[in-house]
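Take a moment with the sequence and the 3D view before reading on.

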Amino acid sequence: MVEENVRIMGVGLGVIIIGVVWSLCLVLCITCSAVTGAARKAGFITFLIALISTVFLLLLPRQLQHSVTKPDVTIYDVFFYWRLALLGVIVLCVILGLMAIFRQHWMMPVYARSVNNLHRYN
């Protein structure tokens, strides 16, 4: 008999199965997109199979959670707001850095060459 509460890295078995199914679907869709002919439709078929299997796994009844006695100890996270502030600063820096990179990349001048000089370089 299968153990009732199977967990892999704190995640249930159904989530692992859904992740593997969608990973295989992504690989097959990318592989089939480069193929010509009737095999090209296999990517869409694998997407439908992954979608149907995901809906099926989501509709399966879940295991009832047993009531667990809660401990009387309350754990306080002292650094929660500092971590949020640091995360905000990091996100702001990433956004500003990406804007600077794209501005520099897109704003580079492209000078036109004259048609008379164009045949010399070929």
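This is a predicted model: local features need pLDDT of at least 70, side-chain atom pairs count only at pLDDT 80 or more; totals for chains, interfaces and linings use all residues.

Residues are numbered from 1 along each chain as its sequence is written, and side-chain values use heavy atoms, leaving out hydrogens and water.

Let's start with helix α2, which runs over residues 42–59. Helices here are DSSP runs of H or I with at least four residues, numbered from the N terminus. Which residues of α2 are buried? They are Gly43, Thr46, Ala50 and Thr54; buried means under 20% relative accessible area, exposed over 50%, and partly exposed in between (1.4 Å probe, protein chains only). These buried residues pack against α1 (13–33), where contact means heavy atoms within 4.5 Å. The face of α2 turned away from its buried side carries the exposed Phe44, Ile49, Ile52, Phe56 and Leu59.

Now for the aromatic rings: the whole structure has 2 aromatic pairs. Rings of Phe, Tyr and Trp (its six-membered ring) pair if their centres lie within 6.5 Å; planes under 30 degrees apart count as stacked, over 60 as edge-to-face and the rest as tilted.

| Pair | Centres apart | Planes at | Type |
|---|---|---|---|
| Trp22 and Phe47 | 5.7 Å | 65° | edge-to-face |
| Phe80 and Tyr81 | 5.5 Å | 70° | edge-to-face |

Trp22 in α1 and Phe47 in α2 are 25 residues apart, so their pair links distant parts of the chain.

Terms used: Helices (H or I, at least four residues) and strands (E, at least two) are DSSP runs, numbered from the N terminus. The expected span of a helix is 1.5 Å times one less than its number of residues.
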